Amino acid sequence: MAHDEPQAAGASKLVIRNIGLLLSGALEKPILDADTIVAENGRITAIGRAKDVDAEGATTIVDANGTTVAPGLIDSHVHPVAGDWTPRQNQIGWIDSFLHGGVTTMISAGEVHMPGRPRDVVGLKAMAIFAQRAFWTLRPGGVKVHAGAPVIETEMVEEDFKELAAAGVKLLGEVGLGGVKDGPTARKMVGWARKYGIQSTIHTGGPSIPGSGLIDKDVVLEADTDVIGHINGGHTALPDDQIRCICEGCKRGLELVHNGNERSALYTLRIAQEMGDLNRVILGTDSPAGSGVQPLGILRMVSLLSSLGEVPAEIAFCFATGNTARMRALDCGLIEVGRSADFVIMDRAQHSPGKTILESVQLGDLPGIGMTIIDGIVRTQRSRNTPPATKVPVIVGH
Ligand SMILES: [Zn+2]
């Protein structure tokens, strides 16, 4: 199998059987009553009990061995640059390492670490289109990196957004990382982006590195981006009263990142819970960053929010899967017929005091990953990065 092949060549039929626990990714029903999934040509075609689904003609059979299957995790906030290399910490293979942390899809919040990043309009548009194309062609380890997220500059006009959209750009990088740092200009451009189907996010909080600036609640609310990027700061969070104002002042996505302030993440989670708005909570790492890259960052956020935020683990997994998929209109992230066959297969880590995987996560432990699957193709088996899973799935037939 070509390492970076986007999808299977030819017809394929994957059957995952003997699933012990099936997490759906959907808040309204986070656990499904099923032990078998069938996926054909990279898409889920059946979910149910073994006796009720058609497993005939499988090209790959995975025996989950009683472990837990969940949708592949989505990192809503990364800063890729080129291939599987990041200049931020001069590291190679960081995306593949995230795959070993269960991440099968990543969303770029801007390719801002590109050495010599162009700030002029023609240059930034060219870079965004290049990044979108390059990451769709090359998928490190099979990971789907949605990149090509230009950072807006004051000289841009409506026509630029129309042109970007027509060229296949679907995301804006974090508003505030470029020249536009004021509410009115941001709002105007975010509106243009939205008009042409481009999603937007914003850098919330204090400067991340020397050279970036403060974006406070007034700018965030006025800009009205689709996602409130790292509402818990990246790294420096806004004061609690401002976080509350943002949560209550709009209905946009509330993104919690690993590279942010953990106390503020828990504070935001509590407000979202009070408001009955857990569907707005999505997770990212904001990697690579000053604090490095975190292959297990999304799992660590799930565990943090579940253990200290007192959210059932099966709900916390929705923040990293179905919530993000729905908010960002992705075809993965949920165990549903027709969705992309992207899965992470896990079990409780060896020697965790939790009796089940869910209990172990609620106690603050990370699960062990035994396999990842993207587009119906097994990409990795026992993770090299998580603690070892108690039980692992096995490929029993082709
Ligand atoms: Zn940021």
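**Exercise 1. Which residues does His-100 touch, leaving out residues up to four places away in sequence?**

Solution. Step 1: find the residue. His-100 sits in the loop between helix H1 (94-99) and strand S11 (103-108). Helices (H or I, at least four residues) and strands (E, at least two) are DSSP runs, numbered from the N terminus.

Step 1: list the partners. Contact means heavy atoms within 4.5 Å. Not counting residues up to four places away in sequence, His-100 touches Leu-296, Ile-369, Thr-380, Arg-382, Ser-383, Arg-384, Asn-385 and Thr-386.

Step 2: check the burial. His-100 has a relative accessible area of 9%, so it is buried. The classes are buried (under 20% relative accessible area), exposed (over 50%) and partly exposed (in between), with a 1.4 Å probe and protein chains only.

A note on the source: this is a predicted model, in which local features need pLDDT of at least 70, side-chain atom pairs count only at pLDDT 80 or more, and totals for chains, interfaces and linings use all residues. Residues are numbered from 1 along each chain as its sequence is written, and side-chain values use heavy atoms, with hydrogens and water left out.

**Exercise 2. Which residues coordinate the zinc ion?**

Solution. Step 1: name the donors. Glu-174 (OE), His-203 (ND1) and His-230 (NE2) coordinate the zinc ion, at 1.9 to 2.2 Å. Donors are N, O and S atoms within 2.8 Å of the metal (3.2 Å for Na, K and Ca); water is not among the atoms, so sites may look incomplete.

Step 1: read the spacing. Along the sequence, the donor residues follow the pattern E-x28-H-x26-H.

Step 2: Glu-174 is buried, at 2% relative accessible area. His-230 is buried too, at 0%.

**Exercise 3. At what angle do helices H2 and H3 pack?**

Solution. Step 1: recall the description. Two packed helices are described by the angle between their axes and the distance between the axes.

Step 1: give the values. Helix H2 (residues 121-137) and helix H3 (residues 158-166) pack at an angle of about 20°, and their axes are 10 Å apart. Axes are lines fitted to C-alpha atoms, for helices over the stretch in contact, and angles run from 0 to 180 degrees between N-to-C directions.

Step 2: classify. That angle makes H2 roughly parallel to H3. Angles under 35 degrees count as roughly parallel, over 145 as roughly antiparallel, 65 to 115 as roughly perpendicular and the rest as oblique.

Step 3: list the contact. H2 contributes Val-121, Lys-125, Ala-128 and Ile-129, and H3 contributes Asp-160, Glu-163 and Leu-164. By class, the contact of H2 with H3 has four nonpolar, no polar and three charged residues. Ala, Val, Leu, Ile, Met, Phe, Trp, Tyr, Cys and Pro count as nonpolar, Asp, Glu, Lys and Arg as charged, and the others, Gly among them, as polar.

Step 4: look at one residue. Lys-125 lies in helix H2. Lys-125 counts as buried, at 9% relative accessibility. Apart from neighbours within four places in sequence, Lys-125 is in contact with Asp-160, Glu-163 and Leu-164.

**Exercise 4. How far apart in space are Met-156 and Lys-144?**

Solution. Step 1: locate Met-156. Met-156 is in the loop between strand S12 (144-146) and H3.

Step 1: compare sequence and space. Met-156 and Lys-144 are twelve residues apart in sequence and 29 Å apart in space, C-alpha to C-alpha.

Step 2: describe the surroundings. Met-156 is buried, with 3% relative accessible area. Not counting residues up to four places away in sequence, Met-156 touches Val-121, Leu-124, Phe-161, Leu-164, Met-189 and Trp-192.

**Exercise 5. Which residues does a cis peptide bond join, with omega about 10°?**

Solution. Step 1: name the pair. The bond joins Gly-234 and His-235. His-235 is in the loop between S15 and H6.

Step 1: A cis peptide bond joins Ser-287 and Pro-288, with omega about -20°. Pro-288 is in the loop between strand S17 (281-284) and helix H8 (297-307).
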